[in-house]
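Please open the structure in a viewer and keep the sequence panel beside it.

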Amino acid sequence: MSTSFERYQKRKLISSYFSVVLSISLVLFLLGVLGLLVLNTKKLADHFKEQITLSVFLKDNAKQVEIDQLQKSLALAPYTKNATYVSKEEAAEQHSEEIGENFIDFLGYNPLKNSIDVQLNAEFVTTEQIAQIAEEISSKGYVEEVNYDKPLIALLTDNVKKISFWILIVCGVFTFIAVLLINSSIRLSIYSKRFIIKTMQMVGATKTFIRRPFIWTNVKLGMLGAVLALLFLGGLLYYMDMNFPELELLTDIWFLGALFLGVFVLGLLISLLSTFFATQRFLNLRTDDLYY
């Protein structure tokens, strides 16, 4: 009979520990994902900004030496990430592939222009700076037109600011919720042992002596939950890097190290503080109040 009861108590204890570890790991994993999002918001925004192309269309009478000089000067400009010359024949071929038919056969001539496609560095992708760059390039006599998507740039710049602001708000809310969830899980775990706490206190044990094993146990559970969260986070990072290598998520080792360390320390601190205040609460309760 006693063996059966001991097995029941052991299963109950393991179930309690499992729920605490699971709660901590899931919450810390979500916080880690939000941390990754915050750290990589600028990188993601820069990635999308650098996909915008500034197309410099050249006049038909432009000399090859002028085209070569323009391409070299654009390639060396501080605002340029990449400058590629596209002949009118290459442009016609690309356009024909996109529409699925050879429009030159229908028109009888190639209406497209020779051009240089310029991809800008992210810090220069603003409405004002692109307009200034386009005006500077347009001033050259052999440039027909400089074309870019003005509404898209304005929309992208505005959305990046909004997204960055709301990500910070969401992170703050989730951090608060995370603390509450982990604290609730640990308090429920300690609640089941409230009579043991009061019994130890009644036989003369000091508060420090009573708190110590609870704190040590829950700190170890917090460490285990944090390690599991970091393993899941590492798996997510690896998956994202394999499928989206252009984001270069694994290049900022210092940022990632700080994030992983922050998640681990946060798990320890929340476990430590939650256990301390939960045990303190039951230590300060009267014996009659333990039944409510």
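Among contacts in the protein chain with a separation of 6 or more, 82% are between residues 24 or more positions apart, a contact being heavy atoms within 4.5 Å. This is a predicted model in which local features need pLDDT of at least 70 and side-chain atom pairs count only at pLDDT 80 or more, while totals for chains, interfaces and linings use all residues. Residues are numbered from 1 along each chain as its sequence is written, and side-chain values use heavy atoms, with hydrogens and water left out.

**Whole chain.** Colour by secondary structure. The protein chain has 9 helices and 4 strands, taken as DSSP runs numbered from the N terminus (helices: H or I, at least four residues; strands: E, at least two). Their order from the N terminus is α-β-α-β-α-α-β-α-β-α-α-α-α. Of the 292 residues, 36% count as buried (buried is under 20% relative accessible area, exposed over 50%, partly exposed in between; 1.4 Å probe, protein chains only). The accessible surface comes to about 18,100 Å², with 64% belonging to carbon and sulfur atoms; such areas come from the Shrake-Rupley method with a 1.4 Å probe, and for residues only the protein chains shown count as cover.

**The cores.** Select L28, L36, I182, I190, I197 and I210. These have the most contacts inside the largest nonpolar core, which has 29 residues. A nonpolar core is a set of buried Ala, Val, Leu, Ile, Met, Phe, Trp, Tyr and Cys residues joined through side-chain atoms within 4.5 Å. Helices α1 (2–49), α6, α8 (207–243) and α9 (253–284) each give two or more residues to this core, and α8 supplies the largest share, 8 residues. Apart from this core lies another, of 28 residues, among them I67, A134, Y142 and I153. Now centre on I197: beyond its neighbours within four places in sequence, I197 is in contact with I190, I210, F214, T279, F282 and L283.

**Annotated spans.** Next, highlight residues 20–39, 163–186, 221–241 and 253–278, which an unreviewed UniProt entry annotates as "transmembrane region". UniProt positions are given in the numbering used here, feature names are shortened, and annotations may be inferred rather than shown by experiment. Residues 20–39 are 100% helix and 0% strand, with end C-alpha atoms 28 Å apart. Residues 163–186 are likewise 100% helix and 0% strand, and their end C-alpha atoms lie 34 Å apart.

**A surface patch.** Show F165, W166, I169, V173, F176, I177, L180 and L181 as a surface. Together they form a nonpolar patch with about 790 Å² of accessible area. Patches consist of residues with over 30% relative accessible area and no salt bridge, like charges being joined within 9 Å and nonpolar side chains (Val, Leu, Ile, Met, Phe, Trp, Tyr) within 5 Å. W166 is found in helix α6 (residues 150–191) and is exposed, at 53% relative accessible area.

**Salt bridges.** Which residue forms a salt bridge with K81? Select E50: the closest N and O atoms of the pair are 3.0 Å apart, the criterion being a side-chain nitrogen of Lys or Arg within 4 Å of a carboxyl oxygen of Asp or Glu. K81 lies in strand β2 (residues 80–86) and E50 in the loop between α1 and β1 (53–58), so the pair ties together parts 31 residues apart in sequence. K81 is partly exposed at 48%, whereas E50 is buried at 17%. Finish at K162, which forms a salt bridge with D158 at 3.3 Å between the closest N and O atoms. Both are in helix α6, 4 residues apart, a separation of about one helical turn.
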